[in-house]
Structures are given as structure tokens and as C-alpha cells.
Amino acid sequence: FGALGVTSARANTIYMLAHAFAQGKIDFGLCADPKKEMRKLMMIRGIGGWTAQYIAMRTMGWPDAFLETDSGVKKALPGRTAKELRVMAQAWRPWRSYATMNLWNTLQEERDVL
């Protein structure tokens, strides 16, 4: 991974994630319990809340992920702190993943107009 510009710490995270997947220690399936699997993901050094929620949203189809620290979310809803975004997103439960994707799509539409 070094030749690709990936730091050794990130390469180790990727390795540990792949190892956990190959060993069946983390369930990425649609029937998985996202909260349980996110706790396991965050036990891997280098994986935090944003990454765990993103993985749960994309691989497990979890409809309630909300990435309040995501740069796209912050750009789509400017002038708000992560805490304010989290509070605002409570009204979108249990469909916050869809709200997140809609926020990202507004940025794409903005680029398309330009």
C-alpha cells in the first residue's frame, strides 16, 4: 500500500478489517445488527464512528446512519456544529441514512448546475 500513498497506520487498519471480514468476525450482511457490528468495527484501530456508520449504511443497509462530521453534510447544512446537526437529525429517525444521501445529492446537483 505504501506505493499507493497509504500510510502504514491506514494499511494496518485495512489489513485488520480484511482479516476480521475473512475470519467472519464482523457481519456485513443485510441481516446483521448494525449497532453490534459497529462496536466491533470500532475496536479496530483506525476505525471511528464515521467509518463504522458509513460501513453499516453501505454494507448492512442500515437506514439510520447519520454522519454529522462528514464534510459533505456540513457543506449542505452550513453554519451548524456537529452537535446541532445531530440534534436536527433526530427528527429524521429512523431514516437518517436517506437524509444523508439526499444532502450529498444536493451537492451533486449544485455541481451539475455550475
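Helices (H or I, at least four residues) and strands (E, at least two) are DSSP runs, numbered from the N terminus. This is a predicted model, in which local features need pLDDT of at least 70, side-chain atom pairs count only at pLDDT 80 or more, and totals for chains, interfaces and linings use all residues. Residues are numbered from 1 along each chain as its sequence is written, and side-chain values use heavy atoms, with hydrogens and water left out.

Me: How many helices and strands does the protein have?
Reply: From the N terminus on, the elements run α-α-α-α-α-α. The secondary structure therefore comes to zero strands and six helices.

Me: Between which helices does threonine 69 lie?
Reply: Threonine 69 is in a loop. The helices on either side of this loop are helix 3 (49–59) and helix 4 (71–76).

Me: Is threonine 69 buried, partly exposed or exposed?
Reply: Buried means under 20% relative accessible area, exposed over 50%, and partly exposed in between (1.4 Å probe, protein chains only). Threonine 69 has a relative accessible area of 44%, so this residue is partly exposed.

Me: Which residues does threonine 69 touch, not counting those up to four places away in sequence?
Reply: A contact requires heavy atoms within 4.5 Å. With residues up to four places away in sequence not counted, threonine 69 touches Trp50, Lys74 and Ala82.

Me: How far apart in space are threonine 69 and threonine 81, C-alpha to C-alpha?
Reply: In sequence, these two threonines are 12 residues apart. In space, the C-alpha to C-alpha distance between threonine 69 and threonine 81 is 8.6 Å.

Me: Which residues is isoleucine 26 in contact with, leaving aside neighbours within four places in sequence?
Reply: Isoleucine 26 is among the residues with the most contacts inside the largest nonpolar core. Leaving aside neighbours within four places in sequence, isoleucine 26 is in contact with Ala20, Glu37, Lys40, Leu41 and Ile44.

Me: Is isoleucine 14 buried, partly exposed or exposed?
Reply: Isoleucine 14 is found in helix 1 (residues 8–22). Because its relative accessibility is 39%, isoleucine 14 counts as partly exposed.

Key. A nonpolar core is a set of buried Ala, Val, Leu, Ile, Met, Phe, Trp, Tyr and Cys residues joined through side-chain atoms within 4.5 Å.
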